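Hello,

Here is the structure we talked about handing over. My notes follow below it.

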Amino acid sequence: MKTTLVPVGFLVMAFLLAIWPNTLRAQGGFEPVTGDAFTKAVPNDFYLEGNRIPVDKNNAVFLKNAKGARVVLAIIDTSGYSSQIQQKYAGMLISETKLSVCSIAIGVGSYGFGLDRPKAPSTADAKFNLYNQAGTKLGSCAVKNDDTIQQPKPLAVATAKGGPTKLNLGKYGLEIK
């Protein structure tokens with residue numbers, strides 16, 4: 001009886017090891033959500049540092065992972081706010097899951113982000129900055145200029161099933177995992 005249990009246990013273990021990497025990859029990526037779900041999820045205004053800032057829904061994306069956790073990213077309209085707010089923030093992020101944005105680990109919550117671009121016509125790296133809602137900087141990273149992007153948008157997302165999601169801010173791209 002022991003000889004039949006060992007091969008069965010071995011087969012089960014081999015099967016689990018064979019499917020484990022594929023299961024892990026399938027859970028890692030995000031897929032865009034559109035339609036009514038997008039309209040309901042993306043807020044009209046976003047609250048940062050005591051300010052209610054309008055959200056540009058034309059430059060917004062609503063993502064969902066394999067486990068159903070959602071992420072909203074959007075450009076915010078800081079015109080009409082103090083120069084400090086205008087210089088600091090370009091967009092917002094709301095997450096229902098733990099993420100890594102440009103290698104900055106974040107938890108469930110809402111965040112503001114900014115992008116310090118070099119002066120034109122420079123193609124140097126930009127600096128991505130991530131802040132909590134109170135305006136405290138959580139981290140920053142260098143973001144490469146991607147000259148392969150022919151028609152840059154203020155915010156665009158490229159998803160790969162099971163892989164990282166790429167957030168493009170104009171011609172600058174970073175990964176969300």
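**What turned up**

Pro121 sits in the loop between β8 (109–116) and β9 (126–132). Strands here are DSSP runs of E with at least two residues, and helices are runs of H or I with at least four, numbered from the N terminus. The peptide bond joining Ala120 and Pro121 is cis, with omega about 5 degrees.

Before the rest, some ground rules. This is a predicted model, where local features need pLDDT of at least 70, side-chain atom pairs count only at pLDDT 80 or more, and totals for chains, interfaces and linings use all residues. Residues are numbered from 1 along each chain as its sequence is written, and side-chain values use heavy atoms, leaving out hydrogens and water.

Searching the whole structure gives one disulfide (a pair of cysteine sulfur atoms within 2.5 Å). It links Cys102 to Cys141, S to S 1.6 Å. The link is right-handed, with 105 degrees about the S-S bond. Cys102 is in the loop between β6 (99–101) and β7 (104–106) and Cys141 is in strand β10 (residues 137–143), so the pair ties together parts 39 residues apart in sequence.

Buried means under 20% relative accessible area, exposed over 50%, and partly exposed in between (1.4 Å probe, protein chains only). Cys102 is buried at 12%. Cys141 is buried at 15%.

Ser103 lies in the loop between β6 and β7. Ser103 is exposed, at 72%. Its phi is positive, about 70 degrees, although Ser103 is not a glycine.

Glu49, in the loop between β2 (45–48) and β3 (51–65), also has a positive phi, near 50 degrees. Glu49 is partly exposed, at 27%.

Best wishes
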